[in-house]
Amino acid sequence: MGGSGRDSPRFNCANDGLRENLRRLVPNTLPPRMPVIFSGIQPTGTKHLGNYIGAIRQYVEGQDRGDPAIFCIVDLHAITNPYDPAELRRSVYDLTALLVASGLDPARCVLFRQSDVKEHTELCWLLASVTATGELNRMHQFRDKSVAQRELVSSGLLFYPVLQAADVLAYRAHEVPVGEDQREHLELMRDVARRFNSRFGEELLVVPDHRIPVVGARIMDLQNPDRKMSTTGGSEEGTVYVLDEPKVIEKKIKRAVTDADDPPRIAKDPAKPGVSNLIDIMAVARGVSPEQVVADLAQARGYGDLKAATAEAVIAMLAPVKVRYEELRADEAALEQILASGAEKARSIAAQTLADVRRVMALGPPPS
Ligand code: TYM
């Protein structure tokens, strides 16, 4: 993975220009050198290569840069779609084991289950007072999911981004590592924080930056490279799961859709989404730039070579995660212990923000 600094070109941050201006004008308003990092991930489905490359890798990279680095398994978001209650608990443990197997160390970060910290739901309601329904109705993910939904479209689905804002703002996080598909939710969160501060007259909430990787921010479905890899909207054949057997990974990548260019051309090009996707995947898996991947494959005979090399690199990246996962998943009591102690740390931070929010909103008894 390799650590990278706050201004690393491997990531796009929302506030880069603003930060530079602030640095010159009012140095004391800058976030501390060690940012508070927060991200959330849903315990739904089996996590795929898109989640791993776009998000989980970044969490691992962030855990030593964050003070603290906080990662939340968002079970309350998962219930906004129809779900099986018996499966949800299992999925939370699955994901806890997967995150630790991927390199998150509960001693170096805060890892917890969202529903264990009630401050998230309380803040969600309080932030609803400064969130317009029009904004929520316009969110792409809400529109896509509500159209795809054949059963009840829950109001939770509409409120999803408000809860997501509460997740981050409760910790006054500076940085939010996510994939490209979360950009819109992050923008909304920033607007909500600014609106809250201006409505209640104090710079109480921190306006967070997104942190989106430059390469791998949007991993595409291997069968439909015009669509993002996704557990809900993608194809089974085109989705590589982190815990897939190496043979399955190889098969899926070798069957990836490329294009009919003759002679085949291995290049990053918007007109070649399948090939570009494989180049990005291989670049991340090998820890090199896409340009380096293209240079390394200059002598390749065709797309078969690109696919074989990509499969090899992805298997090498994911195989150790799978081995470690199997060991960790067997001990649910230990996983529960990790989540419980994470929740305790999370609660102590979120409770302070909530006390401030309640004070400025004049909720509860006056402060003594
Ligand atoms: P979830 O679980 O759907 O996605 C987890 C992360 O995976 C990223 N991702 C991708 N990255 C690259 N390529 C893809 N094809 C791809 N598919 C998914 C997502 O961008 C995400 O970072 N709404 C969040 C959960 C959340 C959250 C938060 C995130 C709840 N509260 C607070 C940040 C901060 C989500 O999409 O989870």
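Val314, once its neighbours within four places in sequence are set aside, is in contact with Leu49, Val240, Ile249, Ile253, Ile281 and Ala285. In this predicted model, Val314 and Ile70 are the residues with the most contacts inside the largest nonpolar core, a set of 98 residues. Helix α13, which covers residues 303-329, gives the most to this core, with nine residues. Because domain 1 (11-219 + 332-360) and domain 2 (246-327) both give residues to the core, it lies between them. In soluble globular proteins, nonpolar side chains tend to be buried together.

**Chain as a whole**

- The secondary structure of the chain comes to 14 helices and six strands, and 43% of its 368 residues count as buried.
- The radius of gyration of the chain is 21 Å, which agrees with the value near 21 Å that a compact globule of 368 residues would have.
- Taken along its principal axes, the C-alpha trace of the chain spans about 75 × 50 × 40 Å.
- Of the contacts in the chain between residues at least 6 apart in sequence, 77% join residues at least 24 apart.

- The domain assignment gives two segments to domain 1, namely 11-219 + 332-360, and the range 246-327 to domain 2.
- The centres of domain 1 and domain 2, taken over C-alpha atoms, are separated by 30 Å, and the contact takes nine residues from domain 1 and 10 residues from domain 2.
- On the side of domain 1 that touches domain 2, α2 and α4 (85-102) each supply at least two residues, with α4 providing the largest share, four residues.
- By class, the residues on this side of domain 1 divide into seven nonpolar, two polar and no charged.

**Surroundings of the ligand**

- The shell around the ligand holds 26 residues, of which Gly40, Gln42, Gly50, Gly54 and Gly179 come nearest.
- At least two residues of this shell come from each of β2 (37-41), α2 (49-62) and α8 (155-169), and α2 gives the most, with five residues.
- Divided by class, the shell around the ligand has 10 nonpolar, 12 polar and four charged residues.

Key
Residues are numbered from 1 along each chain as its sequence is written. This is a predicted model: local features need pLDDT of at least 70, side-chain atom pairs count only at pLDDT 80 or more; totals for chains, interfaces and linings use all residues. A residue is near a molecule or strand if its C-beta atom, placed from the backbone, lies within 6 Å of it. Ala, Val, Leu, Ile, Met, Phe, Trp, Tyr, Cys and Pro count as nonpolar, Asp, Glu, Lys and Arg as charged, and the others, Gly among them, as polar. The radius of gyration is taken over C-alpha atoms; the globule rule is 2.2 Å times the number of residues to the power 0.38. A residue is buried if 20 or more other C-beta atoms lie within 10 Å of its own, exposed if 12 or fewer, and partly exposed in between; C-beta atoms are placed from the backbone. Two residues are in contact if their C-beta atoms, placed from the backbone, lie within 7 Å. A nonpolar core is a set of buried Ala, Val, Leu, Ile, Met, Phe, Trp, Tyr and Cys residues joined through C-beta atoms within 7 Å. Domain bounds come from an automatic or database domain assignment.
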